[in-house]
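I opened my notebook to look up the aromatic rings. Here is what I looked at.

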Amino acid sequence: MGVKGLQSFLEHCCPQACVNVNLREMVRQHAGCTHTSSPTSPTLVVDGMACLRHWYTCKDWVSGGQWKEYMDILMNWVQAFTSAGIRLVFFFDGVVEEKKRPSWVKRRRRVNGDVSKIFNHIKARGDQPGRELFGFPPGLATFTSFALKSLGQEVFLSVMEADYEISSYAREHGCMGILGQDTDFIIYDSAPYLSVSKLRIENLTTVLYDRQAFCRAIGLAVYQLPLLACFLGNDVVPEQRMQHMRNIAMTTYRQSSPTPQSDVPHGQILSAVSQFVSSLWSREDENNLIPLSLKLSPSDRELIERGVYSYLLTEQEAHQECDITTPPSGAVFEKYVSPEVLKACREKHVAAQGFMVYCVVSEGVVDCSNSLEDAEDTELLPQALVYKRCRQHIYGLLLLLHGPDGSTVDPPAVKEWFVYPGNSLNEPDLVHPIPLNLQCDHLSLDLLWFGSGPEVSSLRLASFLSIFDCQDFSELYGVVEEHLLAALCLITYIVLQVQTLSQEDVDAYLSQAVCVALKSPQELQQIKLPFLCSRAVQLGSLYVRGLSHLLGANCASGCPLPSAALMPWHSFDGRLFHSKYLLAHSGAEQTVLLDGDSSCVTLFLRLREKLTEACCKSGRVLQSRPRPNTAQQRHRTTPGPRYRDRHTGGTSGWRDRGERGYHHHGRGWRGASRGRQNEYEGEGLWERGWGRHNIAPQQPDFYPHYHHGGGVQNINRPQNQPRGRFDQSRGRYQLAPRWSQPPAS
C-alpha cells in the first residue's frame with residue numbers, strides 16, 4: 001500500500017524530487033561510481049507484484065489468461081534490460097504477515113464488488129468489461145515467478161514483508177535501483193526508487209523519486225521519514241489511528257502558515273505533518289527514531305514504534321536497541337517434520353521453486369485471493385471448496401505421515417484464508433489434514449524428498465496421483481506427455497468434485513488441453529469469440545486455480561513431475577477454452593472440436609476414456625447437457641443458420657448422440673457444504689437468482705481456423721506430431737530441483 005497520499009504529493013507538489021532518467025545512462029554512472037572488483041552487472045531489484053499489471057497487457061483477461069502470449073511479453077521485457085547490460089533480481093510476496101491481514105481482508109472484500117460487476121456485465125452484454133474492471137487471471141503472481149525462472153532470471157519469494165526484503169537486498173548489494181510502485185521505497189534508506197508505471201520499455205526511461213530532494217523540500221532528515229510515514233498512515237499504522245495527531249499538526253500549520261504552501265488538500269496535510277515531525281526533535285533526540293517529546297498513549301506509542309522500526313533494514317537494526325522487527329516465528333508444525341525438511345521447505349520457497357508447502361509447515365496458514373466466480377450461480381461450486389479435499393490430502397502428506405521418531409502424529413488444523421462467495425473473511429476456515437491411502441511402510445517426507453531409486457520415484461508419483469484420487473493414471477506416465485497427464489488428473493478431479501459438470505464441459509476441457517500445444521501465441525490471439533459465457537469464464541478460472549494446486553501437490557510429493565509441465569502455457573489458454581466450450585455445447589463434432597487433426601482426436605478419445613473409467617469407478621456418471629445460447633438465438637432479428645451450423649456444415653452433432661437428461665444434485669453446491677449454509681444464506685449472496693440465458697448483443701462469430709462452409713483450415717499445423725515420453729519436444733522440460741540427500745546444515 002505504501003504511505004497514504006505520498007505518491008500524489010510527490011507528483012503534484014514536489015516536482016524537484018521527480019527526475020526523468022534513462023536507465024542506460026544510469027548504468028554508465030553506476031559503473032563509474034562502483035568501487036569494487038566484483039564483476040556483477042548493474043542490478044535492478046524488481047518488485048514483481050507491482051509489475052504484474054504492467055506485464056499482463058493481453059487483450060483477454062476474463063477467460064482464464066492468455067498464457068503463451070504473456071510468456072512472450074515477459075521474454076521481451078526481460079530482453080530489453082539484459083540487452084542494456086542490466087541484471088534483474090525479482091521479488092514476489094511469499095507470505096501475508098498477520099499484522100497486515102486486516103488490510104488484506106479489506107482489499108479482498110473490495111475486489112469482490114468488482115468481480116460481481118464483471119459477471120453482471122458479461123451476462124448483460126456478452127463481452128469483456130473495460131480495463132476499469134480489470135482483474136488478474138488466477139495465480140498470475142505464482143506462475144509469473146516460475147516463468148521468470150524459466151527465462152533464466154533470479155527470483156525470490158519473501159518470507160517477511162516483501163518491501164522490506166527488497167530494500168534490504170538493494171542496500172546490502174549496492175544495487176542501481178529499485179523498480180516498483182510503492183512509496184515505502186522512499187521511506188526506506190536504500191537504493192533509488194524508480195517508477196514502473198512511468199517506465200517506457202522501448203527506450204528504458206522512467207522517473208526516479210529522489211529521496212534527498214524530497215527531504216530537502218519538506219525540511220526533514222532521512223532518519224525522520226519513518227515517523228512521517230506512520231503519522232500519515234501505512235500498512236502497519238492504520239490511517240485513522242493517527243487522525244488526532246494530524247489534527248494537531250494541521251492546527252499548528254494553519255497558525256504558522258496562514259497562506260497554504262500547497263493547493264492540493266493532501267499536500268497541505270503532508271506539509272503540516274512534516275513541519276510537526278520536524279518540531280518534535282531536540283538536540284538530545286538526534287540519535288532517536290522516536291523523539292522523547294512525542295506524547296502518545298501506551299498503545300499508540302507501541303504501534304508507532306512497530307511502524308517506525310519496520311523501516312529499519314538489517315544493518316541499521318544493529319545500531320538500535322530494539323526487538324520490534326523480528327523474523328517469522330519458528331515453524332508451527334516443526335515437531336511433525338524433520339529439521340532437514342524444514343530447511344528444504346524454506347530453501348525451495350525462497351528460491352521460488354515450491355508452492356504452498358512452506359506456508360503450511362512454517363505457519364500453518366494458507367491464503368488465496370479473489371477468483372472470477374459468479375456469486376449468483378449456485379450450480380458451480382466455488383474453487384476454494386472444489387479443491388478443499390485436494391488441500392487436505394496435501395496437508396495429510398506433509399503432516400499426517402510419521403514424525404522423525406516414527407510415531408504417528410495428529411497435527412492441528414490448517415488455517416485457510418480463501419476468498420469465495422459467502423465467506424465473510426472474519427476468521428479463517430479451519431481445515432483438518434486427511435492422510436493418503438498409500439501402501440508403504442514407514443513413509444516419511446524425508447524418504448519422499450531425499451530418497452533415491454526407482455521405488456522412491458514410483459512412490460512420489462503414487463503420492464501425487466493419490467492427492468487427486470487418480471491412482472489408476474500411473475500407467476499413462478511415460479506414455480503421454482507430462483502436461484497432459486497433469487491436465488487429465490486435474491480435469492478428472494474437478495469432475496469428481498463438481499457433480500453439475502456435463503460431458504460437454506469435459507470435452508471442452510480436454511480438447512483445449514490437447515490442442516493448445518499445437519497453436520502459436522499469434523493463432524491464439526486471433527481466435528474470435530461470438531460472445532462470452534459467464535459459466536465458461538468461471539470454469540476457466542477454476543481450471544487455472546487447479547494448476548496451482550497441482551504445483552502444491554507436486555512439491556509435497558517430492559516433485560515426480562517437472563514444474564514446467566504444470567504451467568498454464570503448456571495446457572491452457574483462456575480464449576481457446578472458451579471457443580471449445582461454445583463449440584462443445586453447440587453440438588460440434590469431435591473432428592471440429594479437435595481442429596480436424598486426427599492425431600488430436602485419437603489422443604482426446606484416449607484421455608476421455610481414462611477419465612470416464614475413473615468416474616465410473618467412483619460412481620460418477622457423466623451426462624450430456626448441452627447449453628446452446630438460446631438468448632443469442634432470441635436476440636436475432638432475422639433468421640439464419642445456428643452458430644454450430646456455421647462451423648460444422650449443419651451436421652446434427654449432439655442430437656444424433658441424444659441428450660440423456662440431467663440430474664441435479666440437491667440445490668446446487670450448498671448441499672455439499674451444510675456446515676456453512678446458514679452463513680451463506682445470512683449473507684444473502686446465494687438467494688438472488690439470475691436467469692441462465694441473458695440476452696447478449698449479436699457479434700461476429702467466427703473462428704479463424706474454420707471455414708464457414710464447414711471445412712477445417714489448418715494454419716501452419718505440423719502433421720502427425722508424435723506424442724509420448726520420448727517425443728523430441730520433451731527437451732523443453734527440466735526436472736524440478738530435488739535433493740538426493742538431506743541438505744547440509
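Is Phe-136 buried, partly exposed or exposed? I looked up its relative accessibility and found 36%, so Phe-136 counts as partly exposed. I noted that this model is predicted.

**Entry: the partner of Phe-136.** I checked the ring of Phe-134 next. The centres of the Phe-134 and Phe-136 rings are 5.7 Å apart. Their planes stand at 85°, and over 60 counts as edge-to-face, so this pair is edge-to-face. Phe-134 has 9% relative accessibility. Buried means under 20%, so Phe-134 is buried.

**Entry: the cluster.** I then looked for the group around these rings. Phe-134 and Phe-136 belong to one aromatic cluster, with Tyr-56, Trp-61, Trp-67, Tyr-70 and Phe-143.

**Entry: charges over rings.** Phe-134 came up again here. The charged end of Arg-131 sits over its ring, 4.0 Å from the centre. I found another case at Phe-418, where the charged end of Arg-391 sits over the ring, 4.0 Å from its centre.

**Entry: the pair count.** How many aromatic pairs does the structure hold? I read off 27. One of them joins Phe-9 and Phe-214, with ring centres 6.3 Å apart. The planes meet at 75°, so I wrote down edge-to-face. This pair links distant parts of the chain. Phe-9 is in helix 1 (residues 6-13), and Phe-214 is in helix 9 (residues 211-218). The two residues are 205 residues apart.

**Entry: burial of that pair.** Phe-9 has 6% relative accessibility, so I marked Phe-9 as buried. Phe-214 is buried too, with a relative accessible area of 0%.

Key. Residues are numbered from 1 along each chain as its sequence is written. This is a predicted model: local features need pLDDT of at least 70, side-chain atom pairs count only at pLDDT 80 or more; totals for chains, interfaces and linings use all residues. Side-chain values use heavy atoms; hydrogens and water are left out. Rings of Phe, Tyr and Trp (its six-membered ring) pair if their centres lie within 6.5 Å; planes under 30 degrees apart count as stacked, over 60 as edge-to-face and the rest as tilted. Helices (H or I, at least four residues) and strands (E, at least two) are DSSP runs, numbered from the N terminus. Buried means under 20% relative accessible area, exposed over 50%, partly exposed in between (1.4 Å probe, protein chains only). A charge sits over a ring if NZ of Lys or CZ of Arg is within 6 Å of the ring centre and within 35 degrees of the ring normal.
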